[in-house]
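User: Can you walk me through this one? I'm new to it and will jump around a bit.

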Amino acid sequence: METIYLNKENLAAYQERASAKVMALGCFDGLHHGHLKVIQTAWQEAKERQVSLSVMSFFPHPKTVIGGKGCFHYLMPQSEKEKKLSELGVDTFYLVEFDIDFAGLSPLAFVKEYLINLGVIHAVAGYDFSYGRRGAGNMTTLKQDSGNRIEVTTVDKVEHKGEKISSTRIRQLLLDGNVEELPDLIGHSYETKCEGTGSFLTPYSHYTLPAPGRYDVTLKNKSKSIQTKVTVTEKSLTLTSLDQIPSWLEGNLTIVWNRRVKAEKVQTGKKDYTNVIRGNYHPIVKLTELAGKTNVYNARDKVIQITQGISIHLIKGKTEA
């Protein structure tokens, strides 16, 4: 699959080399079941017409430009999206730079410059896809805006338990800590990438970490994994592990979020250190199990500076080949 990072400076060059294609349109953050239905529908249309299949997405997310959201909870980075799109049989992935100028395009200008002039003969998108200034264009106007040069297929909403499957719904489930519900929406447990070494887990950007709490997770690399529990604490961005990560697991890791377990407070007798955050520092604590109870010892002579994010504490685990 070829990935093309498209902007107003290089648009003309890619228009010159354009050939006939079917294109799926959308942000596709998280690639949930609704997104997959759009892409699979486009794949079938491309196969019937014997042309290539393209996907067009937009970055940064339009809400960060139009809505002014400085902090946006992405579900996956572009590199992961590219990998999954390639596995789905996509030939070309257009990632359009979404800025103020692009947001200001009229619906007619968007269709002409980013669809017709890129060789699109058939466009596929969800029923709620919109385009052009203030989202004035939609799936009912796209064919007319193209002067009937582009055929259009609108994919109806995909639901689970009577509610639309959407990236917004998935983000909210994560922020509420309901990770066990996500396989019904995305087809698998939610996963985040991180760098693990020693006793630290450093998350990669453009993922949404779940709400503070304790979770059953799988830590894995390409060949091995461990089942363990981690605790996510509030208002921190660096992930820390209180147990040493096995040497054979260090490096690029995946955290598979299986389920949230019942919250349990950890007491020292005087203070509750379950979610201790002091300014920009988090005390190093050691967790041990004694007579069925978890005790916390505060190592006051050592602190870790938290630069940003969520702190995850590895509680215990067993090794799996």
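User: Tryptophan 257: buried or exposed?
Analyst: Tryptophan 257 counts as buried, at 0% relative accessibility. Buried means under 20% relative accessible area, exposed over 50%, and partly exposed in between, with a 1.4 Å probe and protein chains only. This is a predicted model: local features need pLDDT of at least 70, side-chain atom pairs count only at pLDDT 80 or more, and totals for chains, interfaces and linings use all residues. Residues are numbered from 1 along each chain as its sequence is written, and side-chain values use heavy atoms, leaving out hydrogens and water.

User: OK, on to aromatics. How many aromatic pairs are there?
Analyst: The count is eleven aromatic pairs. Rings of Phe, Tyr and Trp (its six-membered ring) pair if their centres lie within 6.5 Å; planes under 30 degrees apart are stacked, over 60 edge-to-face, and the rest tilted.

User: Why is the pair of phenylalanine 110 and tyrosine 114 called stacked?
Analyst: Their ring centres are 5.9 Å apart and their planes are at 15 degrees, so the pair is stacked.

User: Where do phenylalanine 110 and tyrosine 114 lie?
Analyst: Both are in helix α6 (residues 107-115), four residues apart, about one turn of the helix. Helices (H or I, at least four residues) and strands (E, at least two) are DSSP runs, numbered from the N terminus. Phenylalanine 110 and tyrosine 114 are both buried.

User: What about tyrosine 215 and tryptophan 257?
Analyst: They form an edge-to-face pair, 5.4 Å centre to centre with 90 degrees between the planes. Tyrosine 215 is in strand β13 (residues 213-220) and tryptophan 257 in strand β16 (residues 251-261), so the pair ties together parts that are 42 residues apart in sequence. Tyrosine 215 is buried, at 0% relative accessibility.

User: New topic. How many disulfides?
Analyst: Zero, in a search of the whole structure. A disulfide here is a pair of cysteine sulfur atoms within 2.5 Å. Cysteine 27 is partly exposed at 23% relative accessibility, and cysteine 194 is buried at 0%.

User: And how many cavities?
Analyst: Two of 30 Å³ or more. A cavity is a set of points, on a 1 Å grid over the protein atoms alone, where a 1.4 Å probe fits but cannot get out; lining residues have an atom within 4 Å of a point. Points are joined across faces, edges and corners, and volume is the space filled by probe spheres set on them.

User: What lines the second largest cavity?
Analyst: Its lining includes Cys27, Phe58, His61 and Lys81. The second largest cavity holds about 50 Å³ of space.

Terms used
On a 1 Å grid over the protein atoms alone, a cavity is a set of points where a 1.4 Å probe fits but cannot get out, and a pocket is an open set with protein on both sides within 12 Å along at least five of seven lines; lining residues have an atom within 4 Å of a point.
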